[in-house]
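Here's a quick briefing to read alongside the model. Take a look at the chain first, then work through the points below.

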Amino acid sequence: MKKGQIRTGVVRNVKFPNRAMVVLEPLEGAADGEEICEVKGALPGQKISVVITKVRKGKGEGRLKEILEKSPVETVGVENGGCPHFNICGGCSYISMPYEESLKIKENQVRELLEPVLSKQQSVCQIEPIRQSPVYYGYRNKMEFTFGDEVKDGPLALGMHKKGSFYDIVTVDGCRLVDDDYSAILRETLYYFEEKKTPFYHRYTHEGYLRHLLVRRASRTGEILAALVTTTQQEVDLESWKERLLSLPLNGKFAGILHITNDSMSDAVKCDSSEILYGRDYFYEELLGLKFRISTFSFFQTNTCGAEVLYETAREYVGSLVKEEGKPDSIVYDLYSGTGTIAQLMAPVAKKVIGVEIVEEAVVAARENAKQNGLENCEFIAGDVLKVLDEIEEKPDFIILDPPRDGVHPKALSRIIGYGVEKLVYISCKPTSLARDLEIFIANGYEVQRCVPVDQFPWTTGIETVVLLSHKKADSYIHIDVEFGEGEGKIPVDSIAKRAEAYKPKEKVTYKMIKEYIEAKYGFKVHTAYIAEVKRNLGLPMYDAPNAVEELKQPRKHPTPEKVEAIKDALRYFAVI
């Protein structure tokens, strides 16, 4: 295997997220031995050709050149529920196969990432079978369509980015992820601005008017919010566009039609100013008996029906929070609370729920939603979880974590573990981040009791996972017979706890644990020899790394002050010093 070669092979499996492991066909006259190349965007069982882009230590990476043969499980086409834009638009990965087959891929990906972590704990935890979305076509309640052209200087397009391209746009009329109302609004908007010959915003020259069309539709109430995002580079009368939308025969009904301006260089959908052309700038959605007010940019789970499965699972894992029958008396932290959905679901069985969220708009929405649902025991705080935790006076009895894709910040994770709550629930949208955080929980006395993947995003590579963690009980107990008194041979009362602590079995802190902690928290790696040097300078025993302290034949580098402090921090974290 060499860089630049074009090779053929069959995809053995797909790892998270969408990393296909291709077994390459042997070249004539090549030595025996299996060659594996990793590519993006292929499916298990496909025969493909790849361009080798990197070879390192016998492992290759490549770019998908062509699909030579379909996978045996690719049995879904346009005629039986598939999408006409599959493999052109970059939105879906698994829509060419039956839904059950896509679930198998996702479940296996979660198992592959989490089972090695779970094997490090003393108790056995089996990952439960994946829980599917009740709806897997037309499930999305939000879409951000982009204006552009499908080919350079081609006609106006409105839709999604072409697979593997930053500039080319595919008009996704008939997208299977959304309700038909989305396609009707997209078509009418595209026709209207084609007739008017209105220019789109070019990402290269930064000139033009049309940028995005944002559409949100409530799955339960049917209310629709449409927002046209443009630059301020020209004046356009949008009254007739609004009237064209209002005349459409839709399944739902418009709650509001907006015009948003955005002159930033970034391609992200942002708001410099907003004008209501019709109705209001929010709509209502219902979820598990609660009503939520959702604005243009406020966060809400993309799949309403799937979110109900996700939150019901979380509520099931939480179990009963009532210590005394009929009297809720638990303080619950909902960290990374978004618009407060989980907090409000927990409120009826808790004394108080405290939600923390960094996005202020989401916090405002959470407060309004709680008030509208008649929940007076919810408090929502705007701020970074890392900084806010020290400011909250009430200590938690239970913690629910629903962090962003990168997981929990190491410093915040340390403080969360420091509360010592008996149980907590972790909801993750990225299993690689979850695996990293679970290792730290397990190293600090927690064990995973239950774990289940939940498919929130059918046909895509996304997967949610819900985990129930509990603080493990002591492995053994020391029984001490003590005679109290003042005479000779009597043990002072204040020394009993210290003596018992000295005999309590302790978990061995390995160099690997220290290195992983530092990398997760500080973002850099440290050599075992550096850890050994710091330990030696602190007068700590060196028996578990003898090779690290041998006399070297030539001078070696010493850790920088930054790395010394990081190592000391890790030693304090694991109670070595």
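Of the chain's 577 residues, 49% count as buried, meaning under 20% relative accessible area with a 1.4 Å probe and protein chains only. Keep in mind that this is a predicted model, where local features need pLDDT of at least 70, side-chain atom pairs count only at pLDDT 80 or more, and totals for chains, interfaces and linings use all residues. Residues are numbered from 1 along each chain as its sequence is written, and side-chain values use heavy atoms, leaving out hydrogens and water.

**The whole chain**
- You'll find 13 helices and 21 strands here; these are DSSP runs numbered from the N terminus, with helices being H or I of at least four residues and strands E of at least two.
- The C-alpha trace spans about 100 × 75 × 45 Å along its principal axes.
- Among contacts (heavy atoms within 4.5 Å) with a separation of 6 or more, 64% link residues 24 or more positions apart.

- Strand β1 (residues 6-15) runs antiparallel to strand β2 (residues 19-24), joined by six bridges; strands pair if DSSP finds at least two bridges between them.
- β1 and β2 make a hairpin with three residues between them, and Asn 18 in that turn has a positive phi of about 65°.
- β2 also pairs with strand β3 (residues 36-40), again antiparallel, over five bridges.
- Follow Ala 20 across: Ala 20 in β2 is the bridge partner of Val 14, and the bridge partner of Ala 20 in β3 is Val 39.

Conventions. Buried means under 20% relative accessible area, exposed over 50%, partly exposed in between (1.4 Å probe, protein chains only).
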